[in-house]
Amino acid sequence: MSTTTPATKPPVAAPTKPGAVFPEGFVSPFTRVEMQPGVRIDDGLCCVAMLTKQPVQALMQQAYHLGVPEYGPAWIYPSMLISLLNAHDLVGVQKEATVIDQLPDVALITADYNPETEYGRWVLWHHIRGTETQQSFSYVIDPNCWGLSPFTKDFKGLLTSKQPIYYIEVTPKPVNKGKAK
């Protein structure tokens, strides 16, 4: 029996085939990072890895320092994901929306949310604003490892229509241009 850890899959670039998910010529700025089968809590970390371009393993080590137990059952709460984002020059703010149109340009959203357990899983939401040559559109990058479409504009099935959409809005940290007088 081998004692080596399973090889991690490399990040997956967004498909560029026109009509598949994205308009012709659009390339997502985010590279998909897939959850590892059997890893208990890496959906949120995979989304943070997509945003920060950091390896999931490094983010997991940072999460341990924030209080996530290394063994046993665990859940990475929004406050921990926000702390990880902040450590990488991003600002995360926990919010909720009642309709998809209220979501910001970039967010981690809870998919398959169960109100009884108060658990869901994290996916990366990205909204592209319209221009003179391109209509606006939104898509989700799903880090799942069980075969669902990793890049999708058909995200309504991921969201529970009777529940609010819980999300973490993600923006760059403001640049400090010097001391105020």
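User: Is R129 buried or exposed?
Analyst: R129 counts as exposed, at 59% relative accessibility. Here buried means under 20% relative accessible area, exposed over 50%, and partly exposed in between (1.4 Å probe, protein chains only). Keep in mind that this is a predicted model, where local features need pLDDT of at least 70 and side-chain atom pairs count only at pLDDT 80 or more, while totals for chains, interfaces and linings use all residues. Residues are numbered from 1 along each chain as its sequence is written, and side-chain values use heavy atoms, with hydrogens and water left out.

User: OK, which residue does R129 form a salt bridge with?
Analyst: With D105; their closest N and O atoms are 2.9 Å apart. A salt bridge here is a side-chain nitrogen of Lys or Arg within 4 Å of a carboxyl oxygen of Asp or Glu. R129 sits in the loop between β3 (119-128) and β4 (137-141), and D105 in the loop between β1 and β2 (106-114), so the pair ties together parts 24 residues apart in sequence. Strands are DSSP runs of E with at least two residues, helices are runs of H or I with at least four, and both are numbered from the N terminus. D105 itself is partly exposed, with a relative accessible area of 28%.

User: How many salt bridges are there?
Analyst: The count comes to five. One of them joins the side chains of E169 and K95, at 2.6 Å from N to O. That pair links distant parts of the chain, with E169 in strand β6 (residues 165-172) and K95 in strand β1 (residues 90-97), 74 residues apart. K95 is partly exposed at 35% relative accessibility.

User: And R121, what's its link to D142?
Analyst: Another salt bridge, with the closest N and O atoms 2.6 Å apart. R121 is in strand β3 and D142 in the loop between β4 and β5 (151-152), 21 residues apart. Both R121 and D142 are buried. Salt bridges with shared partners join D112, R121 and D142 into one network.

User: Switching topic: why is helix α1 largely enclosed?
Analyst: Because 11 of the 11 residues of α1 (residues 42-52) are buried, the rest of the structure largely encloses the helix. Among them are C46 and C47. After α1 comes K53, whose phi is positive, near 60°.

User: Those cysteines, then: how many disulfides are there?
Analyst: Zero, in a search of the whole structure. The sulfur nearest to that of C46 among cysteines belongs to C47, 7.0 Å away, whereas a disulfide needs a pair of cysteine sulfur atoms within 2.5 Å. C46 is buried at 0% relative accessible area, and C47 is buried at 0% relative accessibility.
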